[in-house]
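Hi,

Here is the structure I promised to pass on.

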Amino acid sequence: MVTIALERVGVMLGRRAVVEDASAVFAPGTLTGIVGPNGAGKSTLARAMLALVPATGTVRIDGADAAAMPRAELARRIAYLPQGQSLHWPLTVERLVGLGRLPHLAPMSRLSSADAAAIERAMERTEVLGLRNRIATELSGGERARVLFARALAVEAPALIVDEPLASLDPGHQIDAMDLLRTEADAGALVIAVLHDLTMAARYCDRLLIVDKGRIVADGTPRDVLTADLLRAVYGIDARIENGGDRPTITTLGRVRPSA
Amino acid sequence: MIRRPVLIAALAGLALAAAIASLGFGPVDLPVARLVAAATGHGDRIAAIILLELRLPRTLLALAVGAILGLAGAALQGYLRNPLAEPSVLGTSNAAALGGVAALYFGFAQMHPAALPLLSIGGALLSLALLFALAGRSESPLTLILAGIAVGTLAVAGTSLALNLSPNPFAAMEIMTWLLGSLENRSFQHVWIALPCVAIGMAMLLWNGRALDALTLGEDAARALGVDIGRTRLRLLVGTAIGVGGAVAVSGAIGFVGLIVPHLIRPLTDRSPSAILLPSAIGGAALLTLADLGVRIIPTTNELKLGVVTAFLGVPVFLIHLMREKRLW
């Protein structure tokens with residue numbers, strides 16, 4: 001179990017404030033979606049939670065200041081799947097997923113049977129067991145995304161932060177990925193996902209943070225925050241929101257041009 | 001892929017065979033029986049002198065220099081995530097060479113045999129300080145490469161200046177000859193200068209295996225896996241400067257070993273950066289010892305220089321890679 005708390009977090013990249021005054025508390029057992037337009041600061045906010053960018057304010061992991069926490073300690077508590085599919089050497093799938101066990105290894109030690117079991121579980125859950133001996137750089141975009149997802153799951157950390165996990169996945173595998181995040185959260189993990197697909201976000205997340213121009217402009221359940229007014233203001237789109245079922249569905253109707 | 005213990009044992013066997021051949025072959029061939037007799041103190045005096053004062057230091061230096069060049073190449077390729085990286089991308093080997101050139105140019109080399117190697121190591125350390133000043137705390141590989149190019153170019157310019165201002169053709173020739181790289185006429189004094197540097201450098205570089213593996217996923221993912229990139233970079237730069245500096249100090253600038261050895265080793269491993277570190281060190285030791293053997297047994301009117309042989313070895317290796325890239329082979 002782990003809790004992440006942001007206290008007035010701000011991030012400057014160069015002279016530009018990319019994240020400003022962000023405060024929020026994330027509890028175990030919840031799946032939180034971070035949504036917002038391109039360049040809103042979603043990924044930077046996620047990176048600030050992992051102390052990957054210099055930030056003002058405080059990020060607390062279980063009450064302790066994340067910036068002062070040893071890297072390995074932080075790595076064991078929060079698994080992170082960054083945006084994109086950067087992969088610099090042609091490793092096999094199994095070797096790549098095994099990198100997720102690095103935070104648990106003592107210096108100069110080898111993978112134990114417990115590590116091997118964790119790697120096996122992670123590959124099974126993302127359905128990449130059949131790819132284990134394939135070279136990861138030679139896989140299709142969708143297969144590679146699942147392998148990298150398995151790499152993050154192999155950490156078996158109590159918290160998981162994923163940045164755009166649905167990119168390059170087909171609709172079926174998108175559902176699989178969201179199901180997996182949901183299962184993690186239901187099992188007690190703290191899960192935060194940066195997402196673009198609003199309907200997916202509404203369907204799976206317990207809570208949504210809407211980020212615009214570096215600020216958290218809305219924070220609540222999907223039904224509370226996803227309103228036509230907010231989507232118009234944040235995304236510049238006209239959308240129909242149906243709250244018929246237990247979760248809202250969003251249909252994009254068109255672009256709203258700001259009147260001069 | 002070959003299993004790691006098998007690969008390491010095979011490479012170690014090759015390096016050992018190369019070392020034994022290096023002790024035995026030369027202007028005077030010493031068969032194994034005479035080598036053993038000389039080594040155990042039962043042989044003739046001439047054999048003992050050839051073995052202990054000429055061939056042994058030369059062989060030890062070939063092993064050590066080859067090992068650090070191969071290892072530094074492998075570690076830098078991993079860190080910079082660039083298969084074309086080699087020790088000279090940081091400018092260290094050029095700066096160490098400049099230190100040696102300065103010793104020749106100003107005549108310090110004639111005053112004491114240790115002057116040239118020590119100035120050379122000084123050059124490497126100075127380049128390291130300059131590299132830190134230029135690259136600062138930036139963790140981007142590009143910044144480091146740019147800073148390395150700046151340092152390396154400055155060192156090459158300094159070397160050219162020394163050649164340009166040489167008082168006579170003989171002085172220029174002496175510098176040129178040293179720059180081509182050689183292990184001829186090296187004594188145990190050179191071994192004692194190079195070995196500690198190489199040992200420190202190797203220890204610092206071998207320590208980075210896991211961090212280099214994690215960097216396969218990019219810097220953010222590596223840091224989120226617990227890697228301290230700043231410390232990794234520090235170990236890498238200091239290890240390369242001290243190790244390669246020590247190597248260049250006794251052998252001159254020997255190129256291509258750091259570039260081709262990791263390329264030869266990589267297909268035999270699981271291709272992760274950590275898996276090629278130790279095999280590249282042993283493979284580098286074997287390759288340079290064999291190249292140095294080649295220098296002695298290839299008949300030429302002028303003495304063949306080691307750096308020339310390694311440069312020629314680089315060509316076929318890259319042709320094979322080119323053909324593989326184009327799927328011709």
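A term to start with: a nonpolar core here is a set of buried Ala, Val, Leu, Ile, Met, Phe, Trp, Tyr and Cys residues joined through C-beta atoms within 7 Å. A residue is buried if 20 or more other C-beta atoms lie within 10 Å of its own, exposed if 12 or fewer, and partly exposed in between, with C-beta atoms placed from the backbone. Please keep in mind that this is a predicted model, in which local features need pLDDT of at least 70, side-chain atom pairs count only at pLDDT 80 or more, and totals for chains, interfaces and linings use all residues. Residues are numbered from 1 along each chain as its sequence is written, while chains are lettered from A and ligands numbered from 1 in the order in which they are written.

**The core**

The largest nonpolar core has 189 residues, and B:Val65 and B:Ile68 have the most contacts inside it. Helix α3(B) gives the most to this core, with 18 residues; helices (H or I, at least four residues) and strands (E, at least two) are DSSP runs, numbered from the N terminus. Beyond its neighbours within four places in sequence, B:Val65 is in contact with B:Ala194, B:Ala247, B:Val250, B:Ser251, B:Ile254 and B:Leu288. Contact means that the C-beta atoms, placed from the backbone, lie within 7 Å.

**Helix pairs in chain B**

Helix α1 (residues 4-24) and helix α3 (residues 45-80) of chain B have axes that come within 9 Å and cross at roughly 150°. That makes α1(B) roughly antiparallel to α3(B) (under 35 degrees is roughly parallel, over 145 roughly antiparallel, 65 to 115 roughly perpendicular, the rest oblique). The axes are lines fitted to C-alpha atoms, for helices over the stretch in contact, with angles from 0 to 180 degrees between N-to-C directions. From α1(B), the residues B:Ala15, B:Ala19, B:Ser22 and B:Leu23 meet a set in α3(B) that includes B:Leu51, B:Arg55 and B:Leu56. By class, this contact has seven nonpolar, two polar and one charged residues (Ala, Val, Leu, Ile, Met, Phe, Trp, Tyr, Cys and Pro count as nonpolar, Asp, Glu, Lys and Arg as charged, and the others, Gly among them, as polar).

For α9 (residues 188-206) and α12 (residues 229-251) of chain B, the axes come within 8 Å and cross at roughly 160°. These two helices are therefore roughly antiparallel to each other. Their contact has 15 nonpolar, seven polar and one charged residues.

**Around B:Ala38**

B:Ala38 sits in helix α2 (residues 32-39) of chain B and counts as buried, with 23 C-beta neighbours inside 10 Å. Its C-alpha atom is separated by 4.7 Å from that of B:Ala48, ten residues apart along the chain. Leaving aside neighbours within four places in sequence, B:Ala38 is in contact with B:Gly43, B:Ala47, B:Ala48 and B:Leu51.

**Where the chains touch**

The contact takes 19 residues from chain B and 19 residues from chain A. On the chain B side, α10 (209-215) and α11 (219-224) are the elements that give two or more residues. The largest share of that side, four residues, comes from α11(B).

**Two backbone angles to check in chain A**

Most residues other than glycine have a negative phi. A:Glu156, however, has a positive phi near 50°. A:Glu156 is in the loop between α5 (141-153) and β7 (159-163) of chain A and is buried, with 21 C-beta neighbours inside 10 Å. A:Lys213 is not a glycine either, and has a positive phi of about 50°. A:Lys213 lies in the loop between β9 (207-212) and β10 (215-220) of chain A and is partly exposed, with 15 C-beta neighbours inside 10 Å.

Best wishes

Technical notes
Two residues are in contact if their C-beta atoms, placed from the backbone, lie within 7 Å.
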